[in-house]
Amino acid sequence: MAVITITKDNFENEVLGAKLPVVLDFWAEWCAPCKMQSPVIEALAEELEGKVIFGKVNVDEEAALALKYQIMSIPTLVVMKYGLFQNRAVGLQTREEIIDMIEQIKED
């Protein structure tokens, strides 16, 4: 499964209704660190397929979602589980840091 593009139209179904943990990557086309984050997210989406859902939220196109989750800087990763906010990381994250974020919520 590839990384899902998250919009206000599919947010409830893809994120809030998900049975798996969801990692949301808040990004923008003009953001250089976001472009560096993207291949890491895509690789993890393939590696963790069936265990974690990865979605990308374009903050320019989905300003309401960015506002709802108080996204002030990008890239920002938000981890959700059963539709509830679990964790957040601001700035470029390594593969290991993202896995750590996911592991923290699986222990709950």
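This is a predicted model: local features need pLDDT of at least 70, side-chain atom pairs count only at pLDDT 80 or more; totals for chains, interfaces and linings use all residues.
Welcome! Residues are numbered from 1 along each chain as its sequence is written, and side-chain values use heavy atoms, with hydrogens and water left out.

- Cys-31 sits in the loop between β2 and α2 (32-47), while Cys-34 belongs to helix α2. Helices (H or I, at least four residues) and strands (E, at least two) are DSSP runs, numbered from the N terminus.
- Cys-31 has 4% relative accessibility, so it counts as buried; Cys-34, at 2%, counts as buried too. Buried means under 20% relative accessible area, exposed over 50%, and partly exposed in between (1.4 Å probe, protein chains only).
- Leaving out residues up to four places away in sequence, Cys-34 touches Phe-26, Trp-27, Ala-28, Ile-74 and Pro-75.

**The sheet**

- Five strands form an open sheet in the order β1-β3-β2-β4-β5, with mixed pairing. Two strands pair if DSSP finds at least two bridges between them.
- β1 (4-5) and β5 (84-90) are the edge strands; each has a single partner strand, so one side of each lacks a neighbour in the sheet.
- β2 and β4 run antiparallel to each other, paired over five bridges. Within this pairing, Val-23 has Val-79 in β4 as its bridge partner.

**The nonpolar cores**

- The largest nonpolar core has 22 residues, and those with the most contacts inside it are Ile-6, Leu-24, Phe-26, Ile-71 and Ile-74. A nonpolar core is a set of buried Ala, Val, Leu, Ile, Met, Phe, Trp, Tyr and Cys residues joined through side-chain atoms within 4.5 Å.
- Two or more residues of this core come from each of α1 (11-16), β2 (22-27), β3 (53-58), α3 (63-68) and β4 (76-81), and β2 gives the largest share, four residues.
- A second, separate core of 15 residues includes Val-23, Leu-44, Ala-45 and Val-79.
- Ile-71 is in contact with Phe-26, Val-59, Ala-66, Thr-76, Val-78 and Arg-88, leaving aside its neighbours within four places in sequence.

Methods: Contact means heavy atoms within 4.5 Å.
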